[in-house]
Amino acid sequence: MEEQKYKLVYNQIDFIIIAPKFRISFSYTDEKALSFVREYILRLLILCPCRPEEIAKYFAFTQYETENALNDLANKKWIKYLSDGNIGLTTAGRKLFKHNTLAPKLIDLRTKEINLYMELINENFIDKKHLSNNENAISLNISSEIFAFRSKYAERNFQQQFNELKDQGKLILYSDYGHLYKIDGVEVFNNKYFRFTQFFSLDKDTGNQLGRNDIHTLNHSEKIVHQVTNILEKYKHEYKNNVQDIISSMEKLNDIETLKIITPKFNFFMLEKINQKSPQDTYFVGQTYHQDDIQKLLKNSMDELKKNISQSPKILYWMGVENIYWGAQEKFSEQINLFYNNAFCNQNKKEYHLYNFRLYLPIKNSKYKNTKKNLLPSDKKQFKNNFYAFKGGFLNNNTEIIVFENQFAVVCYHAYLDSYDVPLPVGFITTRIEKVNHIFQLVQDYLKEPVVDKEESSPIKDFGKIFSNN
């Protein structure tokens with residue numbers, strides 16, 4: 001708890017790994033203990049043959065009890081009467097001691113079929129609750145050889161992890177004494193994805209980045225961690241320090257406060273200080289889709305709009321940014337749903353349109369509209385009218401904007417700082433109408449600009465709906 005006090009999560013990023021479904025058919029031996037009396041008679045006879053009266057005396061049995069126990073063992077062909085009057089073990093009786101010489105066990109051969117999902121990097125079998133679709137996440141690469149021979153890898157790992165799967169409760173057998181006998185077959189079905197979140201944190205006192213969290217849901221994660229590290233290193237080289245560009249964006253937004261939070265490095269105490277003196281502006285760290293205040297402001301805005309229910313719908317713009325980490329989190333879809341689901345309301349059995357929600361995704365030009373579809377929810381029929389594309393370059397490609405006409409605005413700068421592995425999202429939420437209107441106008445002016453300056457025939461930077469031709 002003391003460590004949490006000084007830790008601030010500044011970004012959360014989801015990664016996914018292909019995790020096919022395997023149906024594994026197998027046989028296993030099931031050990032079953034015998035009743036107490038029968039077990040100890042057999043234990044005595046494995047030492048040496050005995051007469052019935054010696055057995056009765058040894059166990060203090062009555063004649064009836066002795067005859068009953070011996071007849072039961074004889075019927076199962078585990079003991080036999082010898083020519084000298086003694087009782088000894090048959091070959092079948094001696095086999096009961098095959099796996100454990102101290103105690104006889106009855107061995108049954110059983111068959112079973114089980115469905116398991118296995119991620120294909122560290123080859124862990126995955127619980128269903130950690131499976132997901134492939135949306136809003138960064139995908140880790142699988143080698144073509146591993147994917148081609150995934151059934152063989154699943155078979156090998158099932159053999160190696162048989163007891164581990166039992167202990168974890170992922171494999172339920174007839175009894176706790178089951179041992180794998182052989183695998184009868186492995187079938188491959190549809191691909192799911194194992195999803196895990198990497199949290200990127202700062203020390204509040206120093207502003208220094210802290211180590212990444214372990215992947216607690218996995219037993220083995222060395223290869224996965226290595227691949228994540230490679231991805232972070234790759235994009236750290238691609239995304240250069242952009243503080244000067246952010247300063248330029250701040251000037252256009254008339255923002256004089258946020259820069260104090262991130263220069264010369266992140267300053268948590270400055271963040272708190274600025275928030276204390278700005279009642280209408282809330283400064284934050286982290287992706288916009290992790291800010292609970294947005295949900296509260298949206299509700300307040302809806303309550304206000306419902307008072308003038310017959311007025312024309314307002315516009316809610318969400319201008320995305322061009323970096324691999326933006327939108328790579330399940331919360332992104334939740335934010336989309338929040339804006340989509342609240343655009344209409346019902347009063348007196350009539351539906352009213354409160355606002356038009358438009359999520360704009362930055363692309364190079366209108367020919368590349370399809371490149372951003374992996375960010376969108378899979379049910380595009382429901383959302384297809386809400387997703388737009390625009391010419392990248394808005395506010396130097398570093399500033400994300402959510403602005404609800406005449407209601408509130410959210411500004412989030414995605415700062416690439418040398419000492420952090422991933423961008424530091426930092427910005428503010430405002431309800432100051434003059435500030436909201438300025439940001440709203442800035443967005444509209446950019447979308448109406450021609451792609452090529454001073455060319456009357458040039459298309460504007462608003463490329464329109466992504467799904468308009470589908």
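Which side chain does D421 meet in a salt bridge? I put this to the model, which is a predicted one, and found that the partner is K236, with 3.8 Å from N to O. I then looked up where the two residues sit: D421 is in the loop between β16 (408–415) and β17 (424–430), whereas K236 belongs to helix α9 (residues 222–238), so the bridge ties together parts that are 185 residues apart in sequence. For burial I noted that D421 is buried at a relative accessible area of 17%, while K236 is partly exposed at 29%.

**Other salt bridges**

I searched the whole structure and the search returned 15 salt bridges. One that I followed up joins D72 to R38, where the closest N and O atoms are 3.0 Å apart. Since D72 lies in helix α4 (residues 63–75) and R38 in helix α2 (residues 36–47), this pair ties together parts that are 34 residues apart in sequence. I recorded D72 as partly exposed, with a relative accessible area of 24%, and R38 as buried, with 18%.

I next checked D293 and K296, which form a salt bridge with their closest N and O atoms 3.8 Å apart. Both are in helix α13 (residues 292–307), and because they are 3 residues apart there, about one helical turn separates them. In general, an α-helix has 3.6 residues a turn, so residues three or four places apart point the same way. D293 counts as partly exposed at 31% relative accessibility, and K296 is exposed at 53%. I also noted a network in which salt bridges that share partners join D14, R195 and E330.

**Aromatic rings**

I counted the aromatic pairs and the structure holds 29. For Y283 and F428 I read a centre-to-centre distance of 5.6 Å and an angle of 45 degrees between the planes, which makes the pair tilted. This pair links distant parts of the chain, with Y283 in strand β9 (residues 281–285) and F428 in strand β17, 145 residues apart.

I then looked for lysines over ring faces. K435 lies over the face of F428, at 4.5 Å from the ring centre, and K21 lies over the face of F189, at 5.6 Å from the ring centre.

**Helix α7**

Which residues of helix α7 (residues 150–160) are buried? I listed R150, Y153, A154, N157 and F158. These residues cover an arc of only 130 degrees around the axis, which puts them on the same side of α7. On the other side of α7 I found K152 and Q160 exposed.

**Cysteines**

I looked for disulfides and the structure holds 0 of them. Two cysteines that I checked for burial are C345, which is buried with a relative accessible area of 8%, and C412, which is buried with 0%.

Technical notes:
Residues are numbered from 1 along each chain as its sequence is written. This is a predicted model: local features need pLDDT of at least 70, side-chain atom pairs count only at pLDDT 80 or more; totals for chains, interfaces and linings use all residues. Side-chain values use heavy atoms; hydrogens and water are left out. A disulfide is a pair of cysteine sulfur atoms within 2.5 Å. Buried means under 20% relative accessible area, exposed over 50%, partly exposed in between (1.4 Å probe, protein chains only). Helices (H or I, at least four residues) and strands (E, at least two) are DSSP runs, numbered from the N terminus. The arc is that of the directions from the helix axis to the C-beta atoms. A salt bridge is a side-chain nitrogen of Lys or Arg within 4 Å of a carboxyl oxygen of Asp or Glu. Rings of Phe, Tyr and Trp (its six-membered ring) pair if their centres lie within 6.5 Å; planes under 30 degrees apart count as stacked, over 60 as edge-to-face and the rest as tilted. A charge sits over a ring if NZ of Lys or CZ of Arg is within 6 Å of the ring centre and within 35 degrees of the ring normal.
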